[in-house]
Amino acid sequence: MLTQENARLITEVGPDKPMGRLLREYWIPIVRAACLVAGGAPRRATILHQRLVAYRSPDGTVGVMNEACPHRGASMALARNEKGGLRCVYHGWKICHDGTLLEAPTHAASSQLTHIATGTYPAREAAGMVWAYLGSGTPPALPKLSFMSLPDDHVGVVMTKVRCSWLNMFESLWDSFHAQFLHSRTNRVIFAGAGRGREYFSDTKFDADQLAYDETTMSAALTEYGMQYENDDTAKRTTFAHVMPWFVHHPVGPRPTDDQACQGYVPIDDDHSLLIQWMFNPHAPLKADGYAHKFFDAITDPDDFASGLPRDGVWGQDREAIAQGSYHGLPVAGVMTIPYEDIAMGESQGRLDRTKENLGASDLVVIRGRTMLLEAVKAHQRGEPPLALNFDATQLRATFTSKASSAKEPA
Ligand code: FES
Ligand SMILES: [Fe+2]
């Protein structure tokens, strides 16, 4: 469990909070690059409590600025997207992506304008996302990750809004143990024959009077980039790499040529977060029959891919389905089922009171991951440079060693 003070240190991300200040030192992925049309509508994005818009100028340049116009706060989501900048439709102020106030018809003499902060931020495109730098001073280099500089046909990305803290969702990624329960039957059935499935999960038995599952071995180590952790059970040995602050490389399949994956969580505010799912293949373009395409092809809205999950208080749970043999009765939606399961659990925790938990042996990585975030934020408070800010993580990846011979058929 955490003290209230430490829980707040790692979940509160406003501009005046220690974690909010730390996170603003990093480049932040905020919208999918493909959703911005040259000369088209600016897109709203709330990030770390800040209401922003991202847009693509007619010449293709991407820009990010505060949603509120610097004159009197009209929404720049309504702005005209003109050559050279966004023009607020209220009184015609025009602002370039580099922060220059180009025109301000409300002010007769342009000399009065140079002191006005226009609320723009450095923006870049990489790995299918638009990245913004919300910090002060000169931005660092973009993060060096294995998928950041791959050709376009080697990498894909989708995102969705999750209605809980980024920490709830990280804790789900850190906690491999839950897969034996929450995802076990799902994966063993849905991914059977897809190179990922039966061999991926231990054969947990959910008979009413008898529960059989693996006593897994877990380990986690804090590193110069964040945290490396490992899960070893009957079916597999998997390793994960959390690269501060947003990125978790997580395993997908056992073959060296399998598609790979990285999940990112960016706080929208203290109670909402952006789930960003990258899938990539360093060796070849993503194949139609690969895991990445199977996932992406099932998605109708790549900017909010889990919008189909019911938010009805029980996340679509069907008690009759449980009576018919489903473990949890949550919606079955093909490859979306696992994200739905994770999101339902994270959202159901709500604003979790981490002073009232009862953590056990299988929560080891959760505890270590919280320590990673706490130490990072406290180091930043002491004036130390942000963890992993310039770390070369291009060689880091998740690994998956199958013990397929011990995997059994689904029950
Ligand atoms: S509020 Fe935008 S120009 Fe006046
Ligand atoms: Fe999960």
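The second largest pocket holds about 290 Å³ of space. Of its 16 lining residues, R44, A45, K161, I268 and L274 are the closest to its centre. The model is a predicted one. The points below cover the pockets, then the cavities, the cores, the strands and a helix.

**Second largest pocket**
- Strand β2 provides the largest share of this lining, with 5 residues.
- At least two lining residues come from each of β1 (27-32), β2, β13, β18 (260-269) and β19.
- By class, the lining of the second largest pocket splits into 7 nonpolar, 3 polar and 6 charged residues.

**Largest pocket**
- The volume of the largest pocket is about 340 Å³.
- It is lined by 18 residues, and S172, D175, H178, M345 and Q349 are the closest to its centre.
- The elements that contribute two or more residues to this lining are α3, α7 (337-349) and α8.
- Helix α7 gives the most, with 4 residues.
- The lining of the largest pocket has 7 nonpolar, 5 polar and 6 charged residues.

**Cavities**
- How many cavities of 30 Å³ or more does a search of the whole structure find? There are 4.
- The second largest cavity contains about 110 Å³ of space.
- Its lining has 17 residues, and P143, M244, F247, A388 and L389 lie nearest the centre.
- Which classes make up the lining of the second largest cavity? It has 16 nonpolar residues, no polar ones and 1 charged residue.

**Nonpolar cores**
- The largest nonpolar core has 102 residues.
- Within that core, I47, F147, W278 and F295 have the most contacts.
- A second core of 15 residues is separate, and V53, M65, A79 and L86 are among its members.

**The open sheet**
- An open sheet is built from 4 strands in the order β2-β3-β4-β9, with antiparallel pairing.
- Its edge strands are β2 (43-47) and β9 (120-121), each of which pairs on one side only.
- Inside the sheet, β3 (residues 50-56) and β4 (residues 62-66) are antiparallel and share 5 bridges.
- A54 has V64, in β4, as its bridge partner.

**Strands β13 and β19**
- Is strand β13 (residues 155-162) largely enclosed or open? The rest of the structure largely encloses β13, because 7 of its 8 residues are buried.
- Strand β13 pairs with β19 (residues 272-280) in the antiparallel sense, over 8 bridges.
- The bridge partner of T160 is L275, in β19.
- Both β13 and β19 supply at least two residues to the lining of the second largest pocket.

**Helix α1**
- Which residues of helix α1 (residues 4-11) are buried? They include N6, A7, L9, I10 and T11.
- Among the elements that cover these buried residues are α2 (18-23), α3 (166-174) and α8 (364-381).
- Helices α3 and α8 also each give two or more residues to the lining of the largest pocket.

Note on methods: Residues numbered from 1 in each chain as written. Chains lettered and ligands numbered in written order. Predicted model: local features only at pLDDT ≥ 70, side-chain atom pairs only at ≥ 80, totals over all residues. Heavy atoms only, no water. 1 Å grid on protein atoms, 1.4 Å probe; cavity = no way out; pocket = protein on both sides within 12 Å on 5 of 7 lines; lining within 4 Å. Points joined across faces, edges and corners; volume = space filled by probe spheres on them. Nonpolar A, V, L, I, M, F, W, Y, C, P; charged D, E, K, R; others polar. Core = buried A, V, L, I, M, F, W, Y, C linked by side-chain atoms within 4.5 Å. Buried < 20%, exposed > 50% of the residue type's maximum accessible area, 1.4 Å probe, protein only. Pairing = 2+ DSSP bridges. Contact = heavy atoms within 4.5 Å.
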